[in-house]
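Have the 3D view open while you read.

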Amino acid sequence: MAVPSCSGPGLWMRGTGQTVGSLSTLVSKLFCSAAASSEPLSAQRLAEKLRAQKQEQKTKKEPVPTNPVQRRVRELMRFTQQLQRVHPNVLAKALSRGILHQDKDLVVIDKPYGLPVHGGPGVQLCISDVLPILAKMLHGHKAEPLHLCHRLDKETTGVMVLAWEKEVAHQVQELFRTRQVAKKYWAITVRVPVPSAGVVDIPIIEKEVQGQQQHHKMTLSPSYRMDKGKMVKVRSSRNAHVAVTQYQVLSSTLSSALMELQPITGIKHQLRVHLSFGLDCPILGDHKYSDWNKLAPQKLSVGTLKKLGLKQSKARHIPLHLHARQLILPALGSGREELNLVCKLPRFFVRSLRRLGLEIPNQDENGDNEA
């Protein structure tokens, strides 16, 4: 039996005068090698070789970055993707290792970056899914599931309170609702606010952004506007929410700042909106609220990119630098004391501070928050 010729670049389609793409080329080469050998090539072996060669081509297209910061950014991106694929038992074990406080009423955990609190479209795994498993790890197989007392955004890290009993959870939720819980967040901002300390008291409303990508965002709904050089009070929208944020700069350079934020109210995305649209100092890594008109990676100055060791094309992978640093929870009953719950900064947060030349508070120099 004659051996077919293998000199062509791919398989030739009769009557078309065109070659089939790269897949046909691979198949042709594999059949040629099989024809030259004495052993027939089974369909299974052919499929395995095709997969191996495609994986090799994919690896060649994505070289490993030599820059340590770019490697770190890629690792964090992969870590957040892997959080959605790990087994619930593995995630519960990781959360148990990050427990900040535990008593007969409460369990306080250190929420990692990139982990949603509740389920939703595209969410395969969230904190609420693993609360039954976490409870059994802490109190045995007969333990009832833990209950959420409040929530944090997917990209926010830090202090998160859980309760053993539903009644206690409702009690803590009421403390949050009536603003009896003191909350302190730390954030790295692009640019420095003027003045360096103050209060942002501007209502917030959700609106649809018109453009190439129609989407919804929270934005400011101020009670005053300028009319011919004069400040004029306007009628407030019935859909706007009162939003108040106290802020203070802890450390700053010419182009960035470490800020302490105390939200007096608890409106969705309040800190991000007040910083970006109220103070013109968006949070580093906030790709949603750095620009009102579009959804695009945050634009950073050449100097900031140089300090971070990144190119603008890689800025989309910078994580949101917003950390729930401290909660002061009032006593839950007579004879009890208030709880002062403090959480260390994540490693990526600490490294960004150092690269940007921002002073790190002494108690957080060894920040560590990685599962």
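Where is His321 found? Look in the loop between helix H8 (302–308) and strand S13 (322–329). Keep in mind that this is a predicted model.

Is His321 buried or exposed? His321 is buried, because its relative accessible area is 2% and buried means under 20%. Leaving out residues up to four places away in sequence, His321 touches Trp186, Ala187, Ile188, Ile283, Leu284, Phe348, Phe349 and Ser352.

Now for some charged partners. The structure holds seven salt bridges, and here are three of them, including two that share Arg336.

| Salt bridge | N to O distance |
|---|---|
| Arg336 and Asp103 | 3.5 Å |
| Asp105 and Arg336 | 2.7 Å |
| Arg272 and Asp153 | 3.8 Å |

Start with the side chains of Arg336 and Asp103, which meet in a salt bridge. Arg336 is in the loop between S13 and strand S14 (339–342), while Asp103 is in the loop between strand S1 (99–102) and strand S2 (106–111), so this pair ties together parts that are 233 residues apart in sequence. Arg336 also meets Asp105 in a salt bridge. Asp105 lies in the loop between S1 and S2, so here the parts tied together are 231 residues apart in sequence. As for cover, Arg336 is partly exposed, with a relative accessible area of 32%, whereas Asp105 counts as buried at 12%.

Arg272 is buried, with a relative accessible area of 7%, but Asp153 is partly exposed at 21%.

Why is helix H7 largely enclosed by the rest of the structure? Because seven of its nine residues (270–278) are buried. Those buried residues are Gln270, Leu271, Arg272, Val273, His274, Leu275 and Ser276. After H7 comes Asp280, whose phi is positive, near 60°.

Finally, head to the surface. Tyr224, Met226 and Met231 form a nonpolar patch there, with about 370 Å² of accessible area together. Met231 has its place in strand S10 (residues 230–233), and Met231 is exposed, with a relative accessible area of 58%.

Definitions and conventions:
Residues are numbered from 1 along each chain as its sequence is written. This is a predicted model: local features need pLDDT of at least 70, side-chain atom pairs count only at pLDDT 80 or more; totals for chains, interfaces and linings use all residues. Side-chain values use heavy atoms; hydrogens and water are left out. Patches are made of residues with over 30% relative accessible area and no salt bridge: like charges are joined within 9 Å, nonpolar side chains (Val, Leu, Ile, Met, Phe, Trp, Tyr) within 5 Å. Accessible areas come from the Shrake-Rupley method with a 1.4 Å probe; for residues, only the protein chains shown count as cover. A salt bridge is a side-chain nitrogen of Lys or Arg within 4 Å of a carboxyl oxygen of Asp or Glu. Helices (H or I, at least four residues) and strands (E, at least two) are DSSP runs, numbered from the N terminus. Buried means under 20% relative accessible area, exposed over 50%, partly exposed in between (1.4 Å probe, protein chains only). Contact means heavy atoms within 4.5 Å.
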